[in-house]
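Me: I have a model open and would like to go through its architecture with you. Could we take it one topic at a time?

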Amino acid sequence: MSVPTSLDVEQARPRLRELTVVDVRTPGEFASGHLPDARNVPLDRLVRSLPELRPAADRGALLIVCASGARSDGAVRTLASHGIPASSLTGGTEAWATGGHALEYPGGGARPGTVWPMERQVRFAAGALVLLGLLLGLLLHPAFSLLPAAIGGGLVFSALTGTCGMAVGLGRLPFNRRGGEVRA
């Protein structure tokens, strides 16, 4: 059976009951609101979760979700390289919520204090490190000016490869790990 590589919100919503929804955001992001009945398999654990995902894909289509659709697109490619067909939700949970559809929260409660989306965390961390490097380079030692250069190089590498080492590192911080129930 052929599985489309992406579905928009209006295509996915009526099929939600037949889809296995896999959210690849960090547990902290997942706890800040996710699609109904979604399972949290953070992107950095995706390959390790293949033994659980393969039988789920055999039972029905997988819908991979993240905040905006960028990480889920990469996850769909990774799954395809391992012979597991899946679709990415175009626009992610942002598009789902913007479309007026409800999000669920762990424990079924109200919306908790939210964790910033990973893309926003990366922008903040990169900007803060660039400013810190420039300030330390001016005040302490010119060698600190290499820090902004390293951050710039990392951002260029990230754009060229579609990967982000800073996002992986930030995803391991405690506030990105708490509150998300990891089910595969």
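Me: Which strands does helix 3 lie across, and at about what angle does it run to strand 4?
Reply: This is a predicted model. In it, helix 3 (residues 50-59) lies across strand 2, strand 3 and strand 4 (62-65). Its direction is at about 125 degrees to strand 4.

Me: And helix 4, what does that one lie across?
Reply: Helix 4 (residues 70-81) lies across strand 4 and strand 5 (87-89). The angle between helix 4 and strand 4 is about 140 degrees.

Me: In what order do the strands sit in the sheet, and is the pairing parallel or antiparallel?
Reply: The sheet is open and has five strands in the order 1-5-4-2-3, with parallel pairing. Strand 1 (6-7) and strand 3 (39-40) stand at the edges. Each has a single partner strand, so one side of each is left without a neighbour in the sheet.

Me: How many bridges join strand 2 to strand 3?
Reply: Two bridges join strand 3 to strand 2 (residues 20-23), and these strands run parallel. In one of the pairings, V22 has R39 of strand 3 as its bridge partner.

Me: Changing topic: how many disulfides are there?
Reply: The count is zero. C66 is in no disulfide, as the nearest cysteine sulfur, that of C164, is 13 Å away. A disulfide requires the two sulfur atoms to be within 2.5 Å, so the sulfur of C164, at 13 Å from that of C66, is too far for a bond.

Me: Are those cysteines buried or exposed?
Reply: C66 counts as buried because its relative accessibility is 1%. C164 is partly exposed, at a relative accessible area of 22%.

Me: Now helix 7. What span should it have, and how far apart are its ends?
Reply: Helix 7 (residues 146-161) has 16 residues, which at 1.5 Å a residue should span 22 Å. Its end C-alpha atoms are 22 Å apart, so the two values agree.

Me: Which of its residues are buried?
Reply: In helix 7, P148, I151 and S158 are buried. Viewed down the helix axis, the buried residues fall within an arc of 85 degrees, so they line one face of helix 7.

Me: What covers them?
Reply: The cover over the buried residues of helix 7 includes helix 6 (118-139) and helix 8 (165-171).

Me: What does the face turned away from the buried side carry?
Reply: That face of helix 7 carries the exposed residues L146, F157 and L160.

Me: Last one: what follows helix 7?
Reply: G162 follows helix 7, and its phi is positive, near 75 degrees.

Definitions and conventions. Residues are numbered from 1 along each chain as its sequence is written. This is a predicted model: local features need pLDDT of at least 70, side-chain atom pairs count only at pLDDT 80 or more; totals for chains, interfaces and linings use all residues. Side-chain values use heavy atoms; hydrogens and water are left out. Helices (H or I, at least four residues) and strands (E, at least two) are DSSP runs, numbered from the N terminus. The expected span of a helix is 1.5 Å times one less than its number of residues. Buried means under 20% relative accessible area, exposed over 50%, partly exposed in between (1.4 Å probe, protein chains only). The arc is that of the directions from the helix axis to the C-beta atoms. Contact means heavy atoms within 4.5 Å. Two strands pair if DSSP finds at least two bridges between them. Axes are lines fitted to C-alpha atoms, for helices over the stretch in contact, and angles run from 0 to 180 degrees between N-to-C directions.
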